[in-house]
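Here's a quick briefing to read with the model open beside you. Have a look at the fold, then go through the points below.

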Amino acid sequence: MDYGSGEASEISDSEIDEYEDKSYNCLKMGELQVKISDNSYKCPFCAGKKKQDYRYKELFQHATGVGSSSNRGAKVKANHRALANFLKNDVAESSPSLQLMVIETEPSKPKEEDRFVFPWMGVLVNVPTEYKNGRHVGESGTRQKEQLSRFNPLKVIPLWNYKGHTGNAIVDFSKDWSGFKDAMAFENYLEAKHLGKKDWYEKKHHAPEIYGWVARSDDYYAEGPIGEYLHKNGDLKSITDLTNEESRKTDKLVANLANEIEAKNKHLQELECKYNQTNLSLDKAMEEKEALLQAYNIGMCISPLLSIDLLLHKWILRDQIFCTRGQILGIYIMQVL
Ligand SMILES: [Zn+2]
């Protein structure tokens with residue numbers, strides 16, 4: 001049995017169910033590998049094209065998407081339908097971790113299975129192109145960046161192949177959470193204008209405008225220029241992956257800060273110690289100065305005052321003596337007269 005995309009050796013529509021049953025049995029018998037590890041799956045019918053690391057839900061989406069697509073060969077569709085049935089009936093989805101479930105209960109955050117292309121990127125399709133001098137040309141990335149300026153894109157990269165502009169472009173947003181906010185705002189804005197992913201994939205008739213959305217796992221695994229670009233320039237990460245990475249970084253930062261604080265505290269203690277020593281010697285110096293002052297006061301300051309006092313005393317005494325002498329003289333004269 002040929003499991004490749006094998007669109008060359010096609011089967012008729014009447015044989016499709018039979019072919020699907022055969023593929024389903026092969027999957028059930030374990031002849032084709034689907035599960036890589038607990039949390040990682042691959043599509044055995046698209047093997048060899050890209051490194052595959054699907055989550056359960058993503059592979060299921062891939063299988064149902066290809067299985068029902070109108071522009072794929074009957075064999076490819078039959079194989080993918082078989083895979084979708086096999087996943088639904090025979091493979092149990094590994095239960096999400098407790099942490100993931102906590103995230104899911106918060107309404108503002110995206111669903112736990114959503115994996116985004118990181119650094120955050122937006123996908124633009126239906127970008128108008130013109131056929132000029134033998135190839136397709138479109139508006140420059142700079143011009144489109146200006147048009148999207150309210151979402152703060154870092155740059156817009158038009159995707160080219162040998163035929164020229166493919167009508168697809170990628171919008172780069174900054175790597176941080178503000179970039180994620182901008183990317184989601186960009187998606188919501190287009191969705192509100194019916195120019196989102198669903199409108200692009202589910203509607204048969206498209207408006208002439210540009211459609212766009214935030215790149216997720218299905219875009220990452222998509223065939224064609226978008227998937228190729230995303231594969232080369234990004235990784236798939238869930239919000240939980242990123243918050244875990246961040247909290248690891250924060251923990252490290254906190255540990256570093258704690259070390260720094262400890263070092264500062266030690267330095268502070270040393271300074272306090274020095275300060276106390278200085279205070280002690282200052283106290284001692286003050287005491288010595290006081291003692292010196294006292295000694296000075298006694299020896300140099302008070303003694304002249306004392307001598308003045310003594311002098312005054314002397315003078316007073318002298319006056320008194322003089323006075324007394326005068327009085328005595330008076331008495332003498334009185335006696336003589
Ligand atoms: Zn596939």
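Let's start where two helices meet: helix 1 passes helix 3 in a right-handed crossing. (A crossing is right-handed if the near helix is turned clockwise from the far one by less than a right angle, and left-handed if anticlockwise; helices are DSSP runs of H or I with at least four residues, strands are runs of E with at least two, and both are numbered from the N terminus.) Keep in mind that this is a predicted model, where local features need pLDDT of at least 70 and side-chain atom pairs count only at pLDDT 80 or more, while totals for chains, interfaces and linings use all residues. Residues are numbered from 1 along each chain as its sequence is written.

**Helix 1 against helix 3**
- Helix 1 covers residues 16-28 and helix 3 covers residues 74-90; their axes come within 8 Å and cross at roughly 45°. (Axes are lines fitted to C-alpha atoms, for helices over the stretch in contact, and angles run from 0 to 180 degrees between N-to-C directions.)
- That angle makes helix 1 oblique to helix 3. (Under 35 degrees is roughly parallel, over 145 roughly antiparallel, 65 to 115 roughly perpendicular, and the rest oblique.)
- Residues of helix 1 that meet helix 3 include Tyr 19, Tyr 24 and Leu 27, and on the helix 3 side they include Ala 78, Arg 81 and Phe 86. (Contact means C-beta atoms, placed from the backbone, within 7 Å.)
- Sorted by class, the contact of helix 1 with helix 3 has nine nonpolar, three polar and six charged residues. (Ala, Val, Leu, Ile, Met, Phe, Trp, Tyr, Cys and Pro count as nonpolar, Asp, Glu, Lys and Arg as charged, and the others, Gly among them, as polar.)

**Helix 2 against helix 3**
- Helix 2 (residues 56-68) packs on helix 3 at an angle of about 145°, with the axes 7 Å apart.
- This crossing of helix 2 and helix 3 is left-handed.
- Among the residues making the contact are Phe 60 and Val 66 of helix 2, plus His 80 and Leu 87 of helix 3.

**The cores**
- The largest nonpolar core has 29 residues, and Met 121, Val 171 and Ala 215 have the most contacts inside it. (Such a core is a set of buried Ala, Val, Leu, Ile, Met, Phe, Trp, Tyr and Cys residues joined through C-beta atoms within 7 Å; buried means 20 or more other C-beta atoms within 10 Å of a residue's own, exposed means 12 or fewer, and partly exposed is in between, with C-beta atoms placed from the backbone.)
- Helix 6 (177-192) is one of the elements that each supply at least two residues of this core, and the largest share, four residues, comes from helix 6.
- Ala 215 touches Phe 116, Met 121 and Leu 230, among others, not counting residues up to four places away in sequence.
- A second, separate core of 19 residues includes Tyr 24, Phe 45, Val 66 and Leu 87.

- Most residues other than glycine have a negative phi, and most peptide bonds are trans.
- The peptide bond from Phe 118 to Pro 119 is cis, with omega near 0°, and Pro 119 sits in the loop between strand 3 and strand 4.
- Asn 126 isn't a glycine, yet has a positive phi of about 65°; with 16 C-beta neighbours inside 10 Å, Asn 126 counts as partly exposed.

Definitions and conventions
Two residues are in contact if their C-beta atoms, placed from the backbone, lie within 7 Å.
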